[in-house]
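Keep the structure open while you read.

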Amino acid sequence: MLKRLLRRRMVNTCVVGNWQRSNMTSADPTDANIARSFQDIPGPSGIYQWPFIGLRLQLKPFTEFKITRLDQLMMDYKRRYGPICKARMGKRWMVFLFEPSVIEKAFRTEGRYPQRPSIMILEHFYKGQACPSISILQGKEWFEMRRPPQMTLKKPKNLSKFIPQLSEVADDFVEKFRNNHIMEDLPLPCLDFTTEGAGTLCFGLRLGCLNKTSGNDATTILKHVRGVFGAIGESMYSLPWFLLYETSSYRQFVEHIAFLRRMADGHLQRAKHELNNRTTGDEKANLMLDMINTPGMTSEMISNNLVDLFIAGLDSTAMAITFLFYQLARNPDKQEKLFEEIRDHIPPSGPISEDALLHLPYLKACLKESFRLVFPVSIGSSRVLQKDIQLLGYHIPKGCVIAGGNSVIGRDKEYFNDPEMFLPERWLRSGPTHIHAFAQLPFGFGPRDCIGKRFAEIEVYICVSKIVRNYKIILPKDVTEVPYIYQMFAIPEKPFSLHLLPRSTG
Ligand code: HEM
């Protein structure tokens with residue numbers, strides 16, 4: 001009863017009700033005097049505007065929407081309020097944008113030091129520390145911390161040096177399934193792969209995650225990596241008690257991070273010692289060496305950066321690979337088309353050439369399409385506005401958070417025909433329709449976009465191409481759909497398995 005009442009009230013009190021495009025002004029006045037005020041932006045009203053409680057009342061058990069699927073609540077917002085709407089998220093006001101051209105306008109106004117609202121548990125952890133991580137720093141400090149790894153991670157020439165090591169990791173991944181022909185408990189095997197990949201990126205080392213035995217270093221590393229993600233995921237959906245006292249899950253989170261920090265410190269000391277004594281001259285390319293060689297980087301900055309970059313790329317990339325495997329298994333005709341493309345450029349084993357990665361347009365289209373169907377983050381990138389702006393005729397003040405509603409746009413018929421279908425062809429240059437560049441931003445946009453975007457893409461291309469070159473990925477009969485939820489990134493709601501049928505490698 002209460003649920004029905006609340007639901008009715010939420011619908012009745014919305015400002016524009018079922019939105020119609022003709023109600024919105026298409027003119028976008030730049031004069032603050034003629035712009036409509038922030039108050040006028042449609043969105044849930046009344047009790048739903050209360051800090052913290054407002055959002056909770058729009059979720060289960062009061063409505064059908066789950067906190068782990070905020071994208072569905074956003075879809076409902078788009079349906080009811082149109083291309084722009086405002087809502088309370090926790091204590092903040094957020095303005096959601098569901099039109100690519102409006103997202104473009106908003107993101108193009110960001111300055112040199114864009115601000116992203118940070119993850120509370122990380123912010124709390126780093127509070128008071130002299131040199132926190134890239135993800136939570138703001139302003140000039142953020143810029144200085146991001147610049148050194150960015151030199152390596154954003155330049156294709158510098159990144160190409162990682163291709164041979166990643167090819168080796170992918171070969172081991174392929175071999176892992178040689179005898180039993182099944183990927184069990186996905187996404188865990190993909191997390192093993194990305195942790196191993198991150199080891200080569202950050203430290204130029206093989207950690208052993210693909211042939212771990214109980215009690216070895218890799219098992220311990222993976223335990224702490226999973227612990228960090230578990231704690232961050234949990235903190236995103238529960239009340240932040242850790243701000244008041246040290247909860248046991250927060251204590252565990254600190255222990256997991258401390259382990260990874262010790263690991264980074266250990267590798268850093270070793271590398272510095274070796275460099276000083278010149279005991280080796282054949283170090284593999286890696287971020288740590290690049291940062292050691294950057295003037296002005298202290299050991300603390302390097303260590304914190306390494307932990308940040310090591311962690312940030314694991315879950316995100318593992319999920320991208322997992323969902324792409326799933327889409328290919330679900331769409332065998334597309335998988336065959338991909339195999340045809342891969343067969344000409346990718347060897348079943350051994351190093352992949354840099355040139356080969358330039359000739360895989362269908363694989364790139366498959367990844368984009370997989371991201372569209374399961375958008376990696378529940379809403380889209382967000383920014384704390386550093387100056388007043390106007391969007392769709394509304395005045396939006398400095399300090400407000402705007403978010404691109406790309407998870408909603410990806411499923412919107414207005415922008416994508418047959419949005420429920422896996423159609424990589426739509427992303428090809430020869431594709432049927434033009435797709436707005438801001439319709440999908442899985443890695444964000446601008447100076448504060450994902451620093452690891454190119455590395456992640458290379459990792460996915462190498463891993464998926466090697467698997468598809470060696471096996472046909474098959475959906476087991478009992479797996480029809482893989483529902484997903486959002487923690488920090490989209491993850492399968494439950495672990496699932498995929499079968500692998502060996503292909504002739506001739
Ligand atoms: C498929 C894999 C990945 C996805 C989908 C992804 C997605 C994202 C997104 C959406 C953001 C926020 C961007 C914005 O606000 O505009 C971000 C930030 C970030 N990502 Fe990734 N990411 C991935 C892989 C990686 C990898 C491999 C690394 C490290 C090598 C990495 C490191 C980071 C860092 C450090 C930030 C914060 C950047 C800053 O605040 O300056 N990510 N990522």
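## Terms and model

Buried means a relative accessible area under 20%, exposed means over 50%, and partly exposed lies in between (1.4 Å probe, protein chains only). By that rule Glu369 is buried, at 0% relative accessibility.

This is a predicted model, where local features need pLDDT of at least 70, side-chain atom pairs count only at pLDDT 80 or more, and totals for chains, interfaces and linings use all residues. Residues are numbered from 1 along each chain as its sequence is written, and side-chain values use heavy atoms, with hydrogens and water left out.

How many salt bridges does a search of the whole structure find? The search finds 30. A salt bridge is a side-chain nitrogen of Lys or Arg within 4 Å of a carboxyl oxygen of Asp or Glu.

Glu369 pairs with Arg372 in one of them, at 2.8 Å from N to O. Arg372 is buried too, at 1%. Both residues sit in helix H16 (residues 361-373), three residues apart, or about one helical turn. Helices here are DSSP runs (H or I, at least four residues), as are strands (E, at least two), numbered from the N terminus.

Asp71 and Arg69 form another salt bridge, with the closest N and O atoms 2.8 Å apart. Asp71 is buried at 3%. Arg69 is buried at 13%.

## A salt-bridge network

Arg206 and Glu168 also meet in a salt bridge, 3.4 Å from N to O. Arg206 lies in the loop between helix H9 (188-203) and helix H10 (217-237), and Glu168 lies in helix H8 (residues 163-176), so the pair ties together parts 38 residues apart in sequence.

Are these two buried or partly exposed? Arg206 is partly exposed, at 34%. Glu168 is partly exposed, at 40%. Both belong to a network of salt bridges that also links Asp172 and Glu196.

## The iron site

Which residue is the only protein donor of the ligand's iron atom? It is Cys450, through its SG atom at 2.3 Å. Cys450 lies in the loop between helix H17 (406-409) and helix H18 (453-470).

Donors are N, O and S atoms within 2.8 Å of the metal (3.2 Å for Na, K and Ca). Water is not among the atoms, so sites may look incomplete.

## A buried glutamine

Gln58 sits in the loop between helix H2 (53-56) and helix H3 (70-81). Gln58 is buried, at 0%. Its side chain makes a polar contact with the side chain of Tyr77, at 2.5 Å.

A polar contact is a pair of N or O atoms within 3.5 Å. Within protein, one atom must be able to donate a hydrogen and the other to accept it, and residues adjacent in sequence count only if both atoms are side-chain atoms.
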